[in-house]
Amino acid sequence: MDCQINNMKTNTPPMSPGPPGDNEDDENIDLGEIQEVIDLNEGNLEELTEEEDMEEEETVVDMATIVFSKHEGSVFTCSISPSGSVAATGGEDDLAYVWKISDGDVLFTCSGHKDSVIHVCFSHDGTLLATGDYAGYIQVWEVASSKKVWEFEVGELGWLNWHHASHVLLAGTADGEMWMWLVPHGNTRTFPSYGSPSLCGAFLYDGKRAVAGYEDGSVRVFDLKSGQMLHQLTDDSNDVSPIINIAVQKDDALVISGATNGKAKLFSINNGKLVGSLNCEVSQATDEGADADIDNTVEAVSFCPQMPNVAVTATLAGYITIWDVSSKTIRYTLSQGCGSSHLAWHPQEPVLFSAGLDGAVRSYDVRSGEPLSKFTGHDESILYSSISNDGSALLTASDDGTARVFKLS
């Protein structure tokens with residue numbers, strides 16, 4: 001949010017004196033007294049300016065119930081276990097921590113990583129935790145025993161996801177390959193590279209297919225059993241840009257991709273054809289009236305779980321757009337005053353949570369576009385968020401070196 005600051009002007013020149021001789025008391029003026037008055041006034045101005053500066057600094061109210069501060073450096077990722085009792089965080093210090101969400105007590109530390117831990121995720125049943133670092137070293141931990149049960153090393157890691165119903169792990173890498181493992185048995189399947197880094201990916205809800213987005217702007221759907229590519233989703237235009245995030249509609253009919261050029265695209269999963277192109281750029285004007293130089297990267301995309309005909313896009317320029325999927329038209333455009341890094345949903349209600357680069361999470365009712373709540377406490381950008389399955393807790397990871405738990409209900 002832009003703030004207009006009105007500072008007291010301390011350099012205003014004094015009123016011009018009249019011509020010499022106009023004032024009969026000029027000869028009686030004591031220069032020492034004048035200097036004393038000037039010194040006193042300067043002191044008062046300095047005190048007033050300091051008081052105003054203090055009032056103008058916005059006080060951040062910490063609404064968190066738990067502040068986890070074990071990491072040294074930025075916290076890049078976080079996840080809440082399916083039971084809602086355990087949290088995992090990964091950070092710049094090459095470590096992941098597993099801790100109790102009720103009080104922040106550490107259950108165990110996931111060490112051995114060779115670079116920043118950028119992915120942590122619990123398996124569908126909560127028994128296993130996968131941790132992956134930027135260099136591509138992946139470890140899987142048994143939560144109950146705190147023991148490492150599996151490890152694998154790939155190239156630079158782009159993304160990492162668990163299957164929603166089995167202990168199958170899927171990952172994409174900077175060399176364009178996709179890997180799938182049955183954990184902890186180690187059965188491995190590789191999917192070929194198409195010459196471009198794989199930046200994002202997801203399982204389809206049927207559990208039999210997966211979709212991945214690439215730096216060259218392409219999106220591909222794969223059959224997991226055969227390892228074959230089923231479709232390459234393209235729009236046959238030159239308006240392509242790196243695909244940095246992707247989401248799948250609950251009935252597996254559509255996939256939405258978000259790109260660095262301010263565009264989101266809807267593709268049919270069944271035939272691979274482009275269904276619609278969504279322009280997520282919102283014109284902003286400077287004081288001079290010209291368009292500002294802003295970053296319209298579509299940083300997050302998602303479908304509403306309760307309302308599959310609603311899609312949401314969020315940009316680094318600070319705009320959240322709620323779309324009607326059938327008509328490809330805008331329902332609402334929300335300006336939150338800062339970019340979004342991640343979107344999450346309440347598990348039972350059509351309520352969207354946007355992780356802001358200003359250190360706050362905002363929630364919105366997507367039916368009306370109305371803002372609901374703002375969760376504050378971080379003093380730097382929030383990089384990721386996670387919501388418990390019962391909708392009672394929100395977990396955030398931040399550049400300020402902390403993770404925070406907020407009570408939702």
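**View 1. Lys114 and Tyr137 in the predicted model.** In this predicted model, Lys114 lies over the face of the Tyr137 ring, at 5.2 Å from the ring centre. A second contact of a charge with a ring involves Arg220 and Tyr214. Here the charged end of Arg220 sits over the ring of Tyr214, 4.7 Å from the centre of that ring.

**View 2. The aromatic pair of Phe68 and Tyr97.** The whole structure holds 12 aromatic pairs. In one of them, the ring centres of Phe68 and Tyr97 are 5.6 Å apart and the ring planes meet at 65°, so the pair is edge-to-face. Phe68 belongs to strand S1 (residues 66-68) and Tyr97 to strand S4, so the pair ties together parts that are 29 residues apart in sequence. Are these two residues buried or exposed? Phe68 has a relative accessible area of 2% and is buried. Tyr97 is buried too, with a relative accessible area of 11%.

**View 3. The aromatic pair of Phe152 and Trp181.** Phe152 and Trp181 form a tilted aromatic pair, with 5.2 Å from centre to centre and 50° between the planes. Phe152 lies in strand S9 (residues 147-153), while Trp181 lies in strand S12, so this pair ties together parts that are 29 residues apart in sequence. Phe152 is partly exposed, at a relative accessible area of 25%, whereas Trp181 is buried, at 1%. Both residues belong to one aromatic cluster, formed by Trp150, Phe152, Trp179 and Trp181.

View 4. Where does Pro184 lie? Pro184 is found in the loop between strand S12 (178-182) and strand S13 (187-191).

**View 5. Asp94 in a loop.** Asp94 is not a glycine, yet its phi is positive, at about 65°. The residue lies in the loop that runs between strand S3 (86-91) and strand S4 (96-100). Asp94 has a relative accessibility of 26%, so it counts as partly exposed.

**View 6. The open sheet of S22, S23, S24 and S25.** Four strands make up an open sheet in the order S22-S23-S24-S25, with antiparallel pairing. Strand S22 (298-303) and strand S25 (329-335) stand at the edges with a single partner strand each, so one side of each has no neighbour in the sheet. From one strand to the next, the twist averages 15°. S22 and strand S23 (residues 310-315) run antiparallel and are joined by five bridges. Ser302 stands opposite Val312 in S23.

View 7. Lys328 lies in the loop between strand S24 (319-324) and S25. Although Lys328 is not a glycine, its phi is positive, at about 60°. With a relative accessibility of 29%, Lys328 counts as partly exposed.

**View 8. Two buried cysteines, Cys200 and Cys280.** Buried here means under 20% relative accessible area. Cys200 has a relative accessibility of 6%, so it counts as buried. Cys280 is likewise buried, at a relative accessible area of 1%. How many disulfides does the model contain? A disulfide needs a pair of cysteine sulfur atoms within 2.5 Å, and by this rule the count is zero.

Definitions and conventions:
Residues are numbered from 1 along each chain as its sequence is written. This is a predicted model: local features need pLDDT of at least 70, side-chain atom pairs count only at pLDDT 80 or more; totals for chains, interfaces and linings use all residues. Side-chain values use heavy atoms; hydrogens and water are left out. Buried means under 20% relative accessible area, exposed over 50%, partly exposed in between (1.4 Å probe, protein chains only). Two strands pair if DSSP finds at least two bridges between them. Helices (H or I, at least four residues) and strands (E, at least two) are DSSP runs, numbered from the N terminus. Axes are lines fitted to C-alpha atoms, for helices over the stretch in contact, and angles run from 0 to 180 degrees between N-to-C directions. Rings of Phe, Tyr and Trp (its six-membered ring) pair if their centres lie within 6.5 Å; planes under 30 degrees apart count as stacked, over 60 as edge-to-face and the rest as tilted. A charge sits over a ring if NZ of Lys or CZ of Arg is within 6 Å of the ring centre and within 35 degrees of the ring normal.
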